[in-house]
Structure formats: structure tokens, C-alpha cells
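Welcome, and please have your viewer ready. We will go from stop to stop, selecting a few residues each time.

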Amino acid sequence: MAIDEYNGTMGWPLLGETIGFLKPHLPNSLGSYLEEKCSKYGKVFKSRLFGCSTIVSCNHELNLFVLQNEEKLFCGSYPKAMHGILGKLSVLTTSGELHKKLRSHVVRFTSMCRSSPEFLQCIEKISLSMLVSWKDQVQVLFHEEARKFMFTLTLKQVLSIEPEEPRALNILQDFMTFMHGFLSIPLNVPGTAYAKAVKARKRILSKLKEIIRERRSKELGRGDFFDMMLDAENLTDEEAMSLVMDILLAGYETTSTLLSAIVYVLGQEPCILQQLKAEHQAIRESKDKGEPLNCEDYKNMRFTSNVISEALRWGNMVKFVHREAIQDVKFNGYVIPAGWKVLPIFTAAHLDPSLHHDPSHFDPSRWHDSMTNKKVSPFGGGARLCPGSELAKEEVACFLHHLVLSYRWTLKDDSPLAYPYVDFPRALPLQIERI
């Protein structure tokens with residue numbers, strides 16, 4: 001199918017159909033834009049999105065082909081506004097050898113965490129500290145708490161900064177400003193959320209430079225991941241600081257949203273919650289009082305693993321990615337011209353009734369079928385497969401272990417929406433009761 005044979009419409013000059021594409025909708029749905037386009041034009045169609053001529057793919061096979069041919073036939077191609085806020089050295093926006101180098105250090109970080117017995121203990125300590133802080137409360141804004149939990153955990157692992165340190169609060173406040181702008185209209189005009197985010201990023205980088213100076217002038221190495229990056233011969237200080245920002249971003253936004261989505265669903269599905277609680281009760285009863293979790297305990301969280309996998313499919317934390325054809329590409333009758341953008345829509349496969357029975361329903365039992373893994377791509381794929389996917393699952397599982405054994409909760413009036421990023425408009429208020 002040549003480009004002039006693709007169905008679809010290009011919309012307004014420059015803006016195209018971007019506003020319709022970004023219209024908020026429930027995360028376990030395609031949204032009105034994609035539903036209408038797929039119904040009218042099929043699973044692959046043309047449009048103008050984010051200012052560019054674009055092929056939108058809701059075809060799972062084509063999506064996998066695009067992901068698996070990263071740096072061969074396609075390259076990452078995020079809007080310029082993202083480069084402005086993430087910087088030129090972000091793993092998200094770089095490509096080629098630079099991307100491979102930066103990504104290898106993120107892989108190193110996740111491997112270091114997962115291989116360390118102290119890592120689970122760190123998750124437990126921060127989880128229990130947060131849950132204890134709720135003891136006199138009747139309501140919490142869980143999505144805010146989940147973000148604080150993930151940020152605190154990541155800050156500890158990467159920079160050895162304890163949550164009670166003033167520096168931790170300062171970085172968190174700047175990072176919240178940064179994230180607000182990251183998820184806003186990219187208008188770099190004084191006073192806008194985007195402009196404030198650019199400034200907040202500069203302040204965070206300034207704090208990281210201060211940490212570097214302290215560690216080098218006073219030889220105050222902590223033996224943490226930041227030290228390892230600073231000692232790496234193939235990394236500049238600027239690249240190391242950019243990696244810190246990337247790792248904080250992944251934990252603060254994506255992993256916290258996964259955790260919030262699970263808590264939201266459990267509040268609606270008492271049978272699933274009961275089964276999850278029984279699994280964690282059995283693990284706790286097999287241990288001495290106060291004995292910390294270990295790797296074997298995590299491996300025994302089989303139902304928990306299914307709940308997490310189903311939340312990734314159902315919740316669609318990453319709806320799509322930005323790619324660009326390096327050359328004319330042919331695949332199963334489709335021809336994608338060089339220079340055209342391609343948006344592989346992961347949500348389409350996750351909610352495809354030909355791939356999943358009753359796809360809008362949350363059903364952990366579908367993961368008993370090992371083939372389900374081949375029908376989803378919540379962490380992307382190919383050379384840009386998220387290197388922190390297994391680490392995120394472990395962090396979420398450990399927090400859930402203590403949450404379900406410590407509290408009951410009731411959902412207040414809030415539901416997740418995809419913007420396309422997933423968020424809770426009211427921060428997921430929960431009425432809580434200590435068990």
C-alpha cells in the first residue's frame with residue numbers, strides 16, 4: 001500500500017488532528033479518536049500528528065516489526081518540545097551509539113538493584129515508613145503517596161539521599177514542578193508550566209553538580225550508582241546527571257501510576273483483592289515475625305505477578321511511542337516512506353478482542369496462558385525495551401505485600417484517565433482503615 005493509497009485525513013495545517021488524538025479517555029479504551037479512525041479506515045491509517053505526516057498503527061504485527069527494527073529501519077523521533085524539557089542526553093531522545101551507551105548504564109543500575117539483597121530491604125523500609133505515617137489518617141491521596149514512595153526509593157538507590165534530608169524535599173519539589181510541565185502544553189513562555197519545568201530541571205541539575213563537587217572535593221563517595229557513573233570512563237558528568245533524571249522520571253511517573261492503577265482496581269474487585277491478600281498472608285505466615293522479604297518470597301508472588309501484568313495491559317501506562325522511517329520500508333503490503341513518522345499504538349493490541357477475551361475487563365487469570373505475553377508490549381520492545389521493567393514489578397509487588405496486610409480501603413470519587421499519559425484527576429483519594 002503506497003502512501004497515496006492509505007486511508008485517513010490530515011486535519012488542520014501544522015496542528016493536524018493532534019487535539020482529537022490527545023482527547024482524554026479511560027485507559028482501558030482506545031478513546032473516541034482511535035475508535036472512529038479504526039472503524040472508518042482500518043487498523044493502519046495516515047494522519048498529521050504533532051506537526052508531522054504520520055502513519056498510525058493499531059496493527060500488532062506492524063507494531064512489533066517497527067520495534068524490532070530500531071536503528072535499522074526506524075529511529076526514535078520524539079517531538080522537539082520533549083527534547084527541550086528532557087535535554088539532549090536523555091535515553092528517550094538519543095539514538096545510535098549514544099543511546100546504546102546510556103541505556104547500558106540504566107541496565108547496569110537495574111541489574112545492580114535486583115542482585116542486591118539490600119534492595120528488597122530498602123523497598124520494605126520505605127514502604128513500612130509510609131504506611132506507618134498513615135496510621136492517624138482516614139483518607140490519603142494515594143497517587144500522590146505512590147509518587148512520593150517511588151521518588152524516595154529511587155533517590156535512595158541512585159544518590160544515597162535519605163527521605164528526611166532537606167535536600168530530598170528540595171529535589172522532590174523541583175521534580176514535581178518538572179513533571180507538571182513535562183505533561184503540559186509545550187509552550188516555552190514565561191509563567192507557563194512548560195517554562196517552569198525547564199527552569200526546575202536546571203535547578204535539579206545544579207543540585208546534582210553540587211553533589212558531584214562535594215563527593216570529589218571531600219572524597220565523600222557513597223559507593224552508590226551515582227558514584228559508579230561518575231567513575232565510568234565512558235560517561236561525562238552531564239551524561240551521568242541526565243541518566244539520574246531519566247531514572248527518577250521512570251520511577252516517579254510510570255511505576256507509581258502502575259501501583260495506583262492496581263490499588264484502584266483492587267478497590268473495585270474484592271475477589272481479586274482477597275486472592276491477593278491470601279497469597280501475601282501465606283508468605284508472611286511462613287516467616288518469623290518481622291523477618292524481611294527475600295528473593296524467594298518475591299518468586300512465590302505468582303498471583304501478584306499476574307495482577308501486575310494485567311494492570312500493565314489494562315491500564316496502558318505507555319499508550320504509544322514516536323518512531324520515524326529511516327528509509328522506505330515495506331511490510332506485509334504496507335509502504336512507509338522515508339521521513340514519515342510512525343506511531344505504534346500499544347493500547348490497540350492490549351484491547352484487541354481478537355487477541356484477548358473481554359479485553360476491557362481486568363482478569364489476572366488470562367496470564368495463566370503463557371501466550372498472553374506475546375500479545376502485549378507494555379514496555380515497548382526491541383533496542384528500546386524498557387530496561388527497568390522487572391525492577392518496577394519487584395518494587396510494586398513488595399509495596400503491595402505490606403499494603404494489603406496493613407490496610408483496608410474504599411475508593412472515593414476518582415477514575416484514571418489517559419491524556420494519553422495515565423493520571424488520576426483527583427490523585428486517587430482513598431478512605432483507609434488499619435487492619
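Start by selecting Arg167, Asn170, Ile171, Asp174, Phe175, Thr177, Phe178, His180, Gly181 and Phe182 in H8, which meet Ala193, Tyr194, Lys196, Ala197, Ala200, Arg201, Arg203, Ile204, Lys207, Glu210, Ile211 and Glu214 in H9. Contact here means heavy atoms within 4.5 Å. By class, this contact has 10 nonpolar, four polar and eight charged residues. Nonpolar covers Ala, Val, Leu, Ile, Met, Phe, Trp, Tyr, Cys and Pro; charged covers Asp, Glu, Lys and Arg; the others, Gly among them, are polar.

A word on what you are looking at: this is a predicted model, in which local features need pLDDT of at least 70 and side-chain atom pairs count only at pLDDT 80 or more, while totals for chains, interfaces and linings use all residues. Residues are numbered from 1 along each chain as its sequence is written, and side-chain values use heavy atoms, with hydrogens and water left out.

Now show the whole of helix H8 (residues 166-182) and helix H9 (residues 193-217): they pack at an angle of about 150°, with axes 7 Å apart. Axes are lines fitted to C-alpha atoms, for helices over the stretch in contact, and angles run from 0 to 180 degrees between N-to-C directions. Helices (H or I, at least four residues) and strands (E, at least two) are DSSP runs, numbered from the N terminus.

Next, select helix H5 (residues 96-114) and helix H11 (residues 237-268), whose axes come within 11 Å and cross at roughly 60°. On the H5 side, pick Leu98, Lys101, Leu102, His105, Val106 and Phe109; on the H11 side, Glu239, Leu243 and Ile247. These contact residues divide into six nonpolar, one polar and two charged.

Move on to leucine 49, in strand S1 (residues 44-49). Is leucine 49 buried or exposed? Its relative accessible area is 1%, so leucine 49 is buried (buried is under 20% relative accessible area, exposed over 50%, partly exposed in between, with a 1.4 Å probe and protein chains only). Beyond neighbours within four places in sequence, leucine 49 touches Glu17, Thr18, Phe21, Tyr33, Thr54, Val56 and Leu343.

Last stop: the cysteines. The whole structure has zero disulfides (pairs of cysteine sulfur atoms within 2.5 Å). For cysteine 398, the nearest cysteine sulfur is that of cysteine 122, at 9.6 Å. Cysteine 295 is partly exposed at 41% relative accessibility, whereas cysteine 398 is buried at 1%.
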